[in-house]
Amino acid sequence: MDDHSTPVPPPGCPAHHSGARVPLYGAEFAADPQAYYAYLRHYGPTAPVELAPGVEATLVTDYATALQLLQDSASFRKDARRWRALAQGEVPPDSPVAPVLAYRPNAMFTDGAEHMRLRRAVTDSMARVDSRRLSQATERISDFLISQFGGRGSADLIGSYAKQLPLFVFNELFGCTADIGDRVFFGISGMFDGVNAEKATTVLFGAVGELVALKRSKPGDDVTSWLMRHEAALTDEEMVHQLALLLGAGAEALVNLIGNTLHRLLTDDRYAHTGGLIEEAMDDTLWENPPMANYAPHYPVSDMEFAGQKLTAGDLVLVSFAAANTGPALSAARQAGSNRAHLAWSAGPHACPSKDPARHIAVAAIENLLNRLPDVELSVPEDSLTWRPGPFSRGLTALPARFTPVEPVRRPTAPGRPEAPVRAAEPAARKPERAGMWSQFLTWLTK
């Protein structure tokens with residue numbers, strides 16, 4: 001490609017200097033990732049990137065090439081213990097991306113028969129979630145959250161709504177008691193924020209471990225108990241890791257899906273605040289601003305050539321769902337009406353096992369918010385909004401909005417719904433310092 005057709009690297013990009021990898025982190029990338037993807041495409045279907053200082057990867061930016069990678073479980077594996085740079089000590093031990101990429105014994109990081117066993121347990125258990133019950137839970141939780149800020153006439157729809165709702169829904173679906181739910185909430189929120197992430201991770205896994213122990217002794221009508229009773233016969237350790245994966249990855253994606261769709265509805269005149277257009281706005285969001293922008297880590301089994309690029313066994317290869325979805329090759333297919341052929345949920349044997357419940361929760365959450373706050377609008381200039389930095393997910397730091405104040409609503413427990421979970425007995429030496437958000441919600445339900 002000659003100099004006249006080669007795009008210029010985005011401002012602040014080290015690729016201005018020959019031979020440098022393109023960074024997928026920092027304020028510049030967060031502000032305009034599409035400019036980076038446009039530049040990366042000039043390398044071809046794959047490009048050299050840096051996920052964090054000292055962490056190198058190959059990024060797939062082409063749709064067809066991404067599908068090839070995601071479906072080729074013979075040439076590429078998911079087990080992160082194959083990651084050569086990490087095994088050889090080339091990745092800094094305090095790297096912010098290491099916890100997200102490091103191996104854990106869950107369905108995301110396993111291959112072959114073991115992957116099939118764990119994934120079947122997850123998919124079968126999630127398939128038992130009743131859509132009506134899911135809608136009722138989401139609506140109750142939405143009403144509770146709106147009751148916390150509705151009387152003020154203004155709110156940050158990320159921090160006060162999108163960031164909290166998925167965790168509440170998951171706490172209910174997974175059968176968390178008040179104390180366990182409070183700590184799950186704290187753990188996942190801390191991991192998202194990157195503030196004291198090590199402590200947050202410890203709290204999350206400790207809470208999930210207690211949830212597993214509780215359900216072993218007192219199973220219920222919830223995802224945790226269904227997963228435990230599955231024919232895959234998961235050990236306690238396997239239970240903890242599958243639940244932590246579902247809670248952590250699921251919540252992160254849902255927070256961003258709700259937030260990014262609300263952002264589109266509030267900033268794009270093509271959409272009206274009616275239920276009929278919510279799904280259209282969500283599909284457009286999944287195409288153009290997916291909640292997980294760059295992920296699906298894979299490792300070549302052996303030295304190979306892939307899409308014209310030489311790869312060494314154990315290299316880290318990621319898929320850019322955001323770049324693949326918005327590439328020139330996809331525009332014709334999308335215009336032809338294939339509005340859900342995007343890669344936002346990934347593809348192949350490791351495609352998201354919970355996309356239907358996730359979509360159901362997001363639509364119900366947005367619909368209830370717009371019904372309760374019909375005149376909600378952005379309260380700051382759109383160009384003042386900022387996006388969270390980082391290579392993997394795509395989400396706003398805040399979405400300030402204003403609306404006509406509304407009276408709080410107290411929704412009683414739905415008829416036929418199991419009673420709200422109660423606090424499990426705890427050792428006398430351990431007492432919660434104060435009621436957390438999940439405890440407050442359970443109290444609100446029974447006022």
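How many of the six residues of strand S3 are buried? Five of the six are buried, so S3 is largely enclosed by the rest of the structure. Buried means under 20% relative accessible area, exposed means over 50%, and partly exposed lies in between, with a 1.4 Å probe and protein chains only.

This is a predicted model, in which local features need pLDDT of at least 70, side-chain atom pairs count only at pLDDT 80 or more, and totals for chains, interfaces and linings use all residues. Residues are numbered from 1 along each chain as its sequence is written, and side-chain values use heavy atoms, with hydrogens and water left out.

Start with the whole protein. The protein has 18 helices and eleven strands. Helices (H or I, at least four residues) and strands (E, at least two) are DSSP runs, numbered from the N terminus. Of the 447 residues, 52% are buried. Now take the contacts, meaning heavy atoms within 4.5 Å. Among contacts between residues at least 6 apart in sequence, 72% join residues at least 24 apart.

Next comes the sheet. Six strands form an open sheet in the order S1-S2-S3-S9-S6-S4, and the pairing is mixed. Strand S1 (22–23) and strand S4 (76–77) stand at the edges with a single partner strand each, so one side of each is left without a neighbour in the sheet. Two strands pair if DSSP finds at least two bridges between them.

Look at S3 and its partners. Strand S2 (residues 46–52) pairs with strand S3 (residues 55–60) in the antiparallel sense, over six bridges. Ala47 stands opposite Leu59 in S3. Helix H3 (residues 63–71) packs on the sheet, where it touches S3, S4, strand S6 (294–300) and strand S9 (317–320). The direction of H3 makes about 130° with that of S9. For such angles, axes are lines fitted to C-alpha atoms, for helices over the stretch in contact, and the angles run from 0 to 180 degrees between N-to-C directions.

Go back to S2 and S3. They form a hairpin with two residues between them. In the turn, Gly54 has a positive phi of about 85°. Thr46 stands opposite Val60 in S3. Val60 also has a bridge partner in S9, namely Val319. S3 and S9 pair in the parallel sense over three bridges.

Now turn to a helix. Is helix H9 (residues 165–173) largely enclosed or open? Nine of its nine residues are buried, so H9 is largely enclosed by the rest of the structure. Among these buried residues are Leu165, Phe168, Asn171 and Glu172. After H9 comes Gly175, whose phi is positive, near 75°.

Helix H11 (residues 197–217) holds Leu204. Leu204 is buried, with a relative accessible area of 1%. Phe186 is 18 residues from Leu204 in sequence, and their C-alpha atoms are 7.5 Å apart in space.

Ala313 is found between strand S8 (309–311) and S9. Ala313 is partly exposed, with a relative accessible area of 26%. Its C-alpha atom is separated by 9.8 Å from that of Ser75, 238 residues away along the chain. Leaving aside residues up to four places away in sequence, Ala313 touches Arg84, Pro300, Val301, Ser302 and Asp303.

Aromatic rings come next. A search of the whole structure finds eight aromatic pairs. Rings of Phe, Tyr and Trp (its six-membered ring) pair if their centres lie within 6.5 Å; planes under 30 degrees apart count as stacked, over 60 as edge-to-face and the rest as tilted. Tyr295 and Phe392 form an edge-to-face pair, 5.4 Å centre to centre with 80° between the planes. This pair links distant parts of the chain, 97 residues apart: Tyr295 is in strand S6, and Phe392 is in the loop between S10 and S11. Both residues are buried. Elsewhere, Phe29, Tyr36 and Tyr37 form one aromatic cluster.

End with a charged residue. Arg394 is found in the loop between strand S10 (377–378) and strand S11 (400–402). Arg394 is buried yet has no salt bridge. A salt bridge is a side-chain nitrogen of Lys or Arg within 4 Å of a carboxyl oxygen of Asp or Glu. The nearest side chain of opposite charge, Asp32, is 6.8 Å away. Here Lys and Arg count as positive and Asp and Glu as negative, while His and the chain ends are not counted. Not counting residues up to four places away in sequence, Arg394 touches several residues, including Ala30, Pro33, Asn256 and Trp387.
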